[in-house]
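Reader: Could you show me how to read a structure like this one, step by step?

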Amino acid sequence: MSAPRLLFTALLAAAAVQLSTQQTTELVSQQCLGCICEASTQCDLSRDCSSGYCGPFLIGNAYFVDSELTAEPDFKGKTLESCTRDPYCAAAVIRKYMAKYPRDCNGDGRQTCSDFAMIHKAGPGGCERNAPHVLKSEYWQRLTRCLNIYKQA
């Protein structure tokens, strides 16, 4: 990942932390959000909806609805399209979803960014079942590179 894109990813992640969603557990770190964004679309903020997945995190309608984000005052009236184009709202969707579906996908006894990234890509019911497919994907390669950069920092 290039230094400018890493900086952009870090800025996006830092912005996402500024959310005023008091009910959302801060399970997903700003670095993890940045890496999920990088893995999903290389943090392409201009990304529209394609094949049912929207924004830089590639969030689908079922994921959006299931996060129950629109029950929060700050996000009332947001649609899938308007929310996923807004990094604050999209990050809140991911945090709410992860709080709703805590999983230890890799069975290491901890819930880490790898677990969140697997749930984001494969869903809460598929994080173990779809792990072999996801682990071989370009998504996972980009995620791993991004996480390694943060480890070295």
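Author: We will look at confidence, then at one helix and its partner.

Author: This is a predicted model, where local features need pLDDT of at least 70, side-chain atom pairs count only at pLDDT 80 or more, and totals for chains, interfaces and linings use all residues. Residues are numbered from 1 along each chain as its sequence is written, and side-chain values use heavy atoms, leaving out hydrogens and water.

Reader: What pLDDT does the protein average?

Author: pLDDT is the predictor's confidence in each residue, from 0 to 100. Here the average is 83, and 81% of the residues score at least 70. Over residues 13-25, however, the pLDDT is below 50. Where pLDDT is low, the predicted coordinates should not be read in detail.

Reader: Why is helix α6 largely enclosed by the rest of the structure?

Author: Helices are DSSP runs of H or I, at least four residues, numbered from the N terminus. Buried means under 20% relative accessible area (1.4 Å probe, protein chains only). Helix α6 spans residues 113-122, and eight of its ten residues are buried, so the rest of the structure largely encloses α6. Among them are Phe 116, Ile 119 and His 120.

Reader: At what angle do α5 and α6 pack?

Author: Axes are lines fitted to C-alpha atoms over the stretch in contact, and angles run from 0 to 180 degrees between N-to-C directions. Helix α5 (residues 87-100) meets α6 at about 100°, with axes 11 Å apart. The two are therefore roughly perpendicular, a label for 65 to 115 degrees. In contact (heavy atoms within 4.5 Å) are Ile 94, Tyr 97 and Met 98 of α5 with Phe 116, Ile 119 and His 120 of α6.

Note on methods:
Buried < 20%, exposed > 50% of the residue type's maximum accessible area, 1.4 Å probe, protein only. Parallel < 35°, antiparallel > 145°, perpendicular 65-115°, else oblique.
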